[in-house]
Amino acid sequence: MGCMGVVPAVAGLIVVAVNRMPAAEVEVSADLVRRLLADQHADLARLPVAFLANGWDNELYRIGDELVARLPRRALSAQIITHEQRWLPGLAPRLPLPIPYPERTGVPACGYPYCWSVVPYLPGVPAAQASSFDPAHAAAAVGGFLGALHVPAPADAPANPFRGVPLADRAGTFAANLALLTGQAGQDGADRDAVLRVWNAALAAPGYGGPPVWLHGDLHPANILVNDGQVSGVIDFGDITAGDPACDLSVAWMLLPPGCHDSFWSAYQAAGGRADDALRARARGWALNFAIVFLAHSEDNPVLREAGHRTLSIVLEDQGGPVG
């Protein structure tokens, strides 16, 4: 099947429970960034600083035209930003898309309790917010990126109990998140049954038997940049870890219309990735897991909430055919 078609419209399969994204545990501001720069990177202190974005874990501030300050907003993310600082500078040169590897690092100061980073500014907007992009190019670019990334990782790669693990390890939280969602009137039984059929098929697939490979860990459309309709970078490696590549490959269902999946898998394999039907089944299960997470915990984040709806629609539409 060629790379044609559009991402299905939101199917309206479930109603979102009211759960907000995690609250910030520390106050971060442009003024704080200016003071940290003056304290630790004086040559950057006179550049303009402006708020750029925030996610569950970090707040981002533009520093002039070419740099971004990345500051953890809660203790959990403070623990993982050090993984980016250690590993991304070595990974970046061999990846076919730009990533925001730390060019400089900072330490706790000025009343701020965490380590922080200064990374390159990558032009573009998140694919989740782009008005349009070329899905054929995206399939080739992201598939090729993951094929290059997914090489065996060293024994001391960061551990992450939530990413790259056997899908069965997520069964408890999947059930809890699904329980937070209520089907629309008259559709609850059918919709829940469809979700559980996909989930159970993914759990039944053979597990991963290869060496743990490097994983982005959180590769969804809000972490893929698009510039002038083309994929221009991959951001937010806070969940970097090693394990089953199915976790990352779930992005096929989160980013692309079903007609582009064959191209995605072909690009992945051409770049060195190894794929089979079991991997694809597990990846589809991971995509369903992320869709349910986004729907259950993004009441105040319309971008991720929409990503959850779209991913769920695509997962349920795709019947999980063989890998191309």
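**Exercise 1. Describe how helix α3 packs against helix α8 in this predicted model.**

Solution. 

Step 1. Begin with the handedness: α3 passes α8 in a right-handed crossing.

Step 2. Consider the geometry next. Helix α3 spans residues 135-149 and helix α8 spans residues 261-270. Their axes come within 7 Å and cross at roughly 35°.

Step 3. Identify the residues that meet. From α3 these are A139, A140, V142, G143, G144, L146 and G147; from α8 they are S263, F264, A267 and Y268.

Step 4. Sort these residues by class. The contact of α3 with α8 has 7 nonpolar and 4 polar residues, and no charged ones.

**Exercise 2. Determine how helix α4 is oriented towards helix α9, and state which residues meet.**

Solution. 

Step 1. Locate the helices: α4 covers residues 171-179, and α9 covers residues 277-297.

Step 2. Take the distance and the angle. The two axes come within 9 Å and cross at roughly 45°.

Step 3. Classify the angle. Angles under 35 degrees count as roughly parallel, and 65 to 115 as roughly perpendicular. The angle of roughly 45° therefore makes α4 oblique to α9.

Step 4. State the handedness: the crossing of α4 and α9 is left-handed.

Step 5. List the residues. F174, N177 and L178 of α4 meet L288, N289, I292, V293, A296 and H297 of α9. By class, the residues of this contact are 6 nonpolar and 3 polar, with no charged residue.

**Exercise 3. Characterise the largest pocket: what is its volume, and which residues lie nearest its centre?**

Solution. 

Step 1. The volume of the largest pocket is about 1400 Å³.

Step 2. Its lining consists of 50 residues, and those nearest the centre are G55, W56, D218, N223 and D236.

Step 3. The lining of the largest pocket comprises 26 nonpolar, 15 polar and 9 charged residues.

Step 4. Helix α9 gives the most to this lining, with 5 residues.

**Exercise 4. Treat the second largest pocket likewise: how many residues line it, and which helix gives the most to the lining?**

Solution. 

Step 1. The second largest pocket holds about 300 Å³ of space.

Step 2. It is lined by 19 residues, of which Y208, G210, V213, P245 and R274 lie nearest its centre.

Step 3. This lining has 10 nonpolar, 6 polar and 3 charged residues.

Step 4. The element that gives the most to the lining of the second largest pocket is α9, with 3 residues.

Methods
Residues numbered from 1 in each chain as written. Predicted model: local features only at pLDDT ≥ 70, side-chain atom pairs only at ≥ 80, totals over all residues. Heavy atoms only, no water. Axes fitted to C-alpha atoms, helices over the stretch in contact; angles between N-to-C directions. Helix = DSSP H or I, 4+ residues; strand = E, 2+ residues; numbered from the N terminus. Parallel < 35°, antiparallel > 145°, perpendicular 65-115°, else oblique. Left-handed = near helix turned anticlockwise from the far one by under 90°. Contact = heavy atoms within 4.5 Å. Nonpolar A, V, L, I, M, F, W, Y, C, P; charged D, E, K, R; others polar. 1 Å grid on protein atoms, 1.4 Å probe; cavity = no way out; pocket = protein on both sides within 12 Å on 5 of 7 lines; lining within 4 Å. Points joined across faces, edges and corners; volume = space filled by probe spheres on them.
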